[in-house]
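Morning, everyone. Please bring the model up on your screens. I'll walk you through it.

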Amino acid sequence: MGLFFYKQKTTTESESDKGSSHTPIRRCAKGMRRKPRLSASACEHKGVAGSQPGSSNDNNNMGFQSESYLQTVWRRFRHHRLGTVSLVILAIITAAAVLAPVIAPYDPTAIVGGFSKPPSWKFWLGTDQIGRDMLSRLLYATRISLLVGVMATLISTVIGVILGLIAGYFGGIADMIIMRFTDMVMSFPYILLVLVAAAIFEPGLWNIILILGFVDWPGVARLVRSNVLNLRETNFIKGNIVAGMPLRHILFSEILPNTAAPILVYATSVLALSILDEAALSFLGQGVQPPTPSLGNMLNGAQSLTVLTSQPWLWIPPGLMIIVIVMSINFIGDALRDALDPNGGM
């Protein structure tokens, strides 16, 4: 009896142990080794680090998705090394030109030293043929040349955008008249047209700005027209027309912002070309007139062989300034083209 009770007890305990040894353990993932039991919340949050709600990858994705258009353009622009360096250089040159009255050591038109003196501690870039400080004149000349370039580009861009919008959107007679006039202007040799216009009008700062502004617009007009022809056939423009939106809203709030990128890129080339044109006209005596300094009329004295060979401080600084400004603007334009490309990467 006692022996039977002992065997029954032993059998019951062994069965309970056997049953407990086969009790399933909760696992968080298939194929993992047996681990201590985890709570349901721990199993839900345990997994790949990139898939956790608060992981850094999710934060990066959220930051990328919330990036604005201007931030995207700036991020792409910064990947263009030459464009970024050129932007810094152009910003420094522009700041020095704007602050010329403050940082220039002398009056650019005053005779402060000997004739054609070489660079020294008193005159860092020497003096010109009549004793004016070359550094002061270079700062003021850069200011004038940048002013001519910016104002001429602004005028030509405004004219080209308005004519391009009218020709592309309305078409028909308006398009034919504007485009035939544009073709006629572009058929003339560019430099010849500028020289004839400069010869007809009295040479001067604002006359050169107006001449260059009214000569450089055909390229902008053709560019805007071609973009408007494509945009006016899109569904969102047709939807605005059907909805009865005013014409100025369609042109300046719907079409123009969608063609601003190519206009901006093209404007950089117009800016560089305007600065070169001003320098050429002033060099030939048809642009900015002395004693007002400009990069072009500072090079006027380099026509002499004696100046070219024995007085390089009279022509190397303004020549280098023109090269640096134009190359910086061109590199910035290349960087803008890549940054504003909707199909661009990065």
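One caution before anything else. This is a predicted model.

So, the overall picture. The chain has 17 helices and zero strands. It has 346 residues, and buried residues make up 36% of them.

Next, the inside. Here is some background first. In soluble globular proteins, nonpolar side chains tend to be buried together. Now to our model. Which residues touch the most other members of the largest nonpolar core? They are Phe77, Ile275, Leu295, Met321, Ile322, Ile325 and Ile329, out of 30 residues in that core. Several elements give two or more residues to this core: α4 (69–78), α5 (81–98), α7 (134–170), α14 (260–283), α15 (295–298) and α17 (316–340). Which one gives the most? That is α17, with ten residues.

Let's zoom in on isoleucine 329. Leave aside its neighbours within four places in sequence. Isoleucine 329 is then in contact with Leu90, Thr268, Leu271, Ala272 and Ile275. There is also a second, separate core, this one of 13 residues. Its members include Val194, Ala197, Leu212 and Val215.

On to charges. How many salt bridges does the structure hold? Nine.

Start with aspartate 128 and arginine 137. They form a salt bridge, with the closest N and O atoms 3.9 Å apart. Are these two residues buried or exposed? Both are buried.

Second, glutamate 233 and lysine 238. Their side chains meet in a salt bridge, 3.9 Å from N to O. Glutamate 233 has 46% relative accessibility, so it counts as partly exposed. Lysine 238 is at 40%, so it counts as partly exposed too.

Third, aspartate 338 and arginine 337. Their salt bridge spans 3.5 Å, N to O. Aspartate 338 counts as partly exposed because its relative accessibility is 36%. Arginine 337 counts as partly exposed because its value is 46%.

Now a charged residue without a partner. Find glutamate 254 in helix α13, residues 247–258. Glutamate 254 is buried, yet it has no salt bridge. Where is the nearest side chain of opposite charge? It belongs to arginine 248, and it is 12 Å away. What does glutamate 254 contact, leaving aside its neighbours within four places in sequence? It is in contact with Phe236, Ile237, Asn240 and His249.

Last stop, the surface. Ile191, Leu192, Val196, Ile200 and Phe201 form a nonpolar patch there. Together they have about 490 Å² of accessible area. Look at isoleucine 200 in this patch. Isoleucine 200 sits in helix α9, residues 190–200. Why does isoleucine 200 count as exposed? Because its relative accessible area is 62%, and the cut-off for exposed is over 50%.

To recap, briefly. We have 17 helices and zero strands. We have a core of 30 residues and a separate one of 13. We have nine salt bridges, and a buried glutamate 254 that has none. That's my tour. Over to you.

Terms used: Residues are numbered from 1 along each chain as its sequence is written. This is a predicted model: local features need pLDDT of at least 70, side-chain atom pairs count only at pLDDT 80 or more; totals for chains, interfaces and linings use all residues. Side-chain values use heavy atoms; hydrogens and water are left out. Patches are made of residues with over 30% relative accessible area and no salt bridge: like charges are joined within 9 Å, nonpolar side chains (Val, Leu, Ile, Met, Phe, Trp, Tyr) within 5 Å. Accessible areas come from the Shrake-Rupley method with a 1.4 Å probe; for residues, only the protein chains shown count as cover. A salt bridge is a side-chain nitrogen of Lys or Arg within 4 Å of a carboxyl oxygen of Asp or Glu. Helices (H or I, at least four residues) and strands (E, at least two) are DSSP runs, numbered from the N terminus. Buried means under 20% relative accessible area, exposed over 50%, partly exposed in between (1.4 Å probe, protein chains only). Lys and Arg count as positive and Asp and Glu as negative; His and the chain ends are not counted. Contact means heavy atoms within 4.5 Å. A nonpolar core is a set of buried Ala, Val, Leu, Ile, Met, Phe, Trp, Tyr and Cys residues joined through side-chain atoms within 4.5 Å.
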